[in-house]
Amino acid sequence: MPYTLEKLYRIYNDTSGDYIEVSPDGDSLGLVEIKQMELGKQAGCVMLSPEQAKILASILIDAANQAEELEKI
């Protein structure tokens with residue numbers, strides 16, 4: 001019997017229980033899937049190629065740094 005190991009990441013809101021889940025897509029298409037879960041239901045989903053996901057990761061860090069700088073003004 002074959003087995004598959006799937007690794008995923010979740011970022012939880014400890015107050016509401018809502019979370020964002022990041023994982024390889026469930027259809028094994030070689031994509032990265034980002035799901036937003038609210039009140040136990042999927043509220044949004046984005047599918048990205050690995051190349052797009054790497055670009056987005058870099059952009060998110062830059063945007064977070066800019067947002068922190070704006071808070072200091």
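## Salt bridges

Three salt bridges are present in the structure, which is a predicted model.

Glu21 pairs with Arg10, with 2.8 Å between the closest N and O atoms. Because Glu21 belongs to strand E2 and Arg10 to strand E1 (residues 9-12), this pair ties together parts that are eleven residues apart in sequence. A salt bridge also links the side chains of Glu21 and Lys35, at 3.9 Å from N to O. Lys35 lies in strand E3, so this second pair ties strand E2 to a part 14 residues apart in sequence. Glu21 is buried, at 9% relative accessible area, whereas Arg10 is partly exposed at 39% and Lys35 is partly exposed at 21%.

## The helical pair

The side chains of Lys72 and Glu69 form a salt bridge of 3.4 Å, N to O. Both residues lie in helix H1 (residues 50-72), where a spacing of three residues separates them by about one helical turn. Lys72 is exposed, with a relative accessible area of 66%, and Glu69 is partly exposed, with 45%. Elsewhere, shared partners join the salt bridges of Arg10, Glu21 and Lys35 into one network.

Ser23 is located in strand E2 and is buried, its relative accessible area being 7%. Beyond residues up to four places away in sequence, Ser23 touches Lys7, Leu8, Leu31, Val32 and Glu33.

Gly26 occupies the loop between strand E2 (19-24) and strand E3 (32-38). This glycine is exposed, with a relative accessible area of 61%. The C-alpha atoms of Gly26 and Glu6 are 9.2 Å apart in space, while the two residues are 20 residues apart in sequence.

Conventions: Residues numbered from 1 in each chain as written. Predicted model: local features only at pLDDT ≥ 70, side-chain atom pairs only at ≥ 80, totals over all residues. Heavy atoms only, no water. Helix = DSSP H or I, 4+ residues; strand = E, 2+ residues; numbered from the N terminus. Buried < 20%, exposed > 50% of the residue type's maximum accessible area, 1.4 Å probe, protein only. Contact = heavy atoms within 4.5 Å. Salt bridge = Lys/Arg side-chain N within 4 Å of Asp/Glu carboxyl O.
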